[in-house]
Amino acid sequence: MDNNRHHPWKLKYGQPAAVWEEALPLGNGNLGAMVFGGTAKEQIQWNEDTLWSGFPRDTNNYEALRYLKKVRELVSSGKYGEAEDVVNAHMLGVNAQAYMPLGDLYLTQADAENCTAYERELDLDSGIARVTYQNGQGTFTREVFISAPDKVGVVHLTSEVPGGLHLELALSSQLKHTVSSESEQQLVLHGRCPSHIADNYHQDHPAAVRYEDGLGIAFELHLQAQVTGGSIHHSDGKLVISGADRVLLLLAAGTDYEEVRSRASHKKAVAAQDSAVIVSPAELCASRLTAAAGKSYEELRRRHTADHQAVFRRMDLDLGGHEADNLPTDERLAAYKNGQEDPALEALLFQYGRYLLMGSSRAGTQAANLQGIWNNHVQPPWNSNYTTNINTQMNYWLAEVCNLSEFHEPLIDLIKELSETGARTAAIHYGARGWVAHHNVDLWKASNPSGGDASWAFWPMGGVWLSRHLWEHYEFTPDAAYLEETAYPLMKGAALFCLDWLVEGPDGQLVTNPSTSPENRFVTEDGRPCSISMGSAMDMSLINELMQHCLQAARILGVDPEFQAELEKTLSRLSPLKIAEDGRLQEWIYDFTESEPGHRHVSHLYSLYPGNRINKRDTPELLEASRLSLQKRIASGGGHTGWSCAWLINLYARLEDGESAYGFVRTLLTRSVYPNLFDAHPPFQIDGNFGAAAGIAEMLLQSHLGELTLLPALPGAWKNGRISGLKARGGYVVDMDWQDGMLVSARITAKYDGMLRLSYAQELKLQLPDGSAQVVEPAIEVKAGVTYLVTI
């Protein structure tokens, strides 16, 4: 594709950020930053992906198994409220720990209070945040980026006037810390995380933060300054720079997470990388800074930009409407909320989702959490956990289709580690084989039910849903070695748990018991809102899908005939999805009255999206029941949170209802984003950003039924456009152009040999090498590395 874009991928503003939700995010998967863009005083807030409260410990509830039989009997007798009381009292556990803020860099600039010509921007294409402003002397420029190849944060300041930079630099943190000076050019922040953070979900309560001697992750943040012209010295815990022409700041962070994790594992190394020598945070920071300091700013910038653009430029999306490209983003948002059309802003939202995943999930780092990698609270909303009843999964819906397959790897690594802790939980809590995970996971891979209420805490399907991502990665990149060594063993473990978890229901079919539909409640006969029953649609959808995937994988690999037979027998007995009397898809095993008809979760529609069991080809009745369920849920107020709205984009895309899908793109941008385009639950949750990008991709290309469906949900607002670099299952990369709502051409590159099947509203023609064309057959045999041109 042509990398010389005619439109910018930039967030732009005419003033500094007044609050954190206006600051601009940078990240390399391990290190994150929020740049405020101040003039007289700049704040850059930093995060590190392994900086969490807590420490390795056994969080399982050893009494839970004693009550399982009793709960099942109560559920079978229709005593749902009593069953829920027992679950809440005896079968839950302790809450997961929280993701921490690292610290802040403050830059105070003399003579910068009253500035003019101020501009602040984030260039998604280069991954660089930039600020420029003028005072009476001249123009000042500041560039900030976080380099993946050099593993450091970089801040570069220049003055148009020689000797115009007069700065004070300071480091601070909300956590317990000290700041020292290693030299006249360095500051070092030393700190330790709390040993425990109590849930609060909305605001900080310092009394709920506990520090214990010898417990909690230790961390360091190192700052090193280089000046051109002028002088630099250390004074009263700060670095003072006077009369400089240019200033280069390098920052590196490290924690002792690997050491803590290694100490907690007495039998064997926790992971393959633990066999390497574990270095201290000080050594890690020093080695990174030494290496980076040997390069010029220009070299650091070039290496960062080349690495970033090699990934970001895999895709491009042009929906037209570039008249507002050079306006400040907050002004564009305000106009959009007043009804202005701005398809380029919608395309920017799509690319922003890709940018944010690149910044918060790189190979070898932790997976993107509830806030990606960006958090400024000691007690973040919902602990900034991995919430596995949708939010963590939604973070990665865009990974494959948006050409970021390797950025899926941190989630796969999380699943590997979770399968180990989850095996103990499966045995201790439920007497089951395999492995299990519940709705909240933290850095320590806690797999037990959290404390709180059964409606969210008791949901042993987290591992089952996560296993979908193992299969998705294979479908988009069909690597037999990955399937054999990674995906299949993990999926099999999750399936073994399901085989032991299922029990016979009242009609002889197999169901889960106890069962919830995430965070939702029905009303019992005595009028009580309740979450515990049996065989929810979500449970049965997930288990059916996982077993089907395991069967496919075992057949591809030619292994486990006995296990295959057990899966086939179980699948034939699973309780099916049901349609209620009013025509909606039924959420629970019985047609209970809903406690909250407009609930934000639509878990019973899982098989429509992200699953594919509900589709127009195989299950048209269930498809229409899903459509009616959506209509009634939305009419009752559903989709009112940012991530929930993003889910609706994807669901309507699968229904091939482009106008409704587009309506929720507009709703998201109108109602559920902050000025920096972060998703607002509210408060900030990053899953809405990722889910929106996935939804826009799903509107333009689908590949879940063994064929590539082109422009399946194209709305009238995107009448003309082009996209390049979309990925499809089977290992295809797709570029498309369309005019007046109709496909003009599609260029499909096969990464593997195979049979390509295409679907479009009109007859398609394959352009042949000799210049002729032939009508596309039901299937085209394709060769790896060859690009095929299709037109109408």
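This is a predicted model: local features need pLDDT of at least 70, side-chain atom pairs count only at pLDDT 80 or more; totals for chains, interfaces and linings use all residues.
Local features need pLDDT of at least 70, side-chain atom pairs count only at pLDDT 80 or more, and totals for chains, interfaces and linings use all residues. Residues are numbered from 1 along each chain as its sequence is written, and side-chain values use heavy atoms, with hydrogens and water left out.

Alanine 33 lies in strand S3 (residues 31–35); strands (E, at least two residues) and helices (H or I, at least four) are DSSP runs numbered from the N terminus. Alanine 33 counts as buried because its relative accessibility is 0%, where buried means under 20% relative accessible area (1.4 Å probe, protein chains only). Beyond neighbours within four places in sequence, its contacts include Leu24, Leu26, Ile146 and Trp374; contact means heavy atoms within 4.5 Å.

Six cavities of 30 Å³ or more were counted. A cavity is a set of points on a 1 Å grid over the protein atoms alone where a 1.4 Å probe fits but cannot get out; lining residues have an atom within 4 Å of a point. Grid points are joined across faces, edges and corners, and a volume is the space filled by probe spheres set on the points.

Leu26 and Ile146 are among its lining residues. Strand S2 (24–27), helix H5 (297–312) and helix H7 (343–360) each give two or more residues to that lining.

Notes:
Buried means under 20% relative accessible area, exposed over 50%, partly exposed in between (1.4 Å probe, protein chains only). On a 1 Å grid over the protein atoms alone, a cavity is a set of points where a 1.4 Å probe fits but cannot get out, and a pocket is an open set with protein on both sides within 12 Å along at least five of seven lines; lining residues have an atom within 4 Å of a point.
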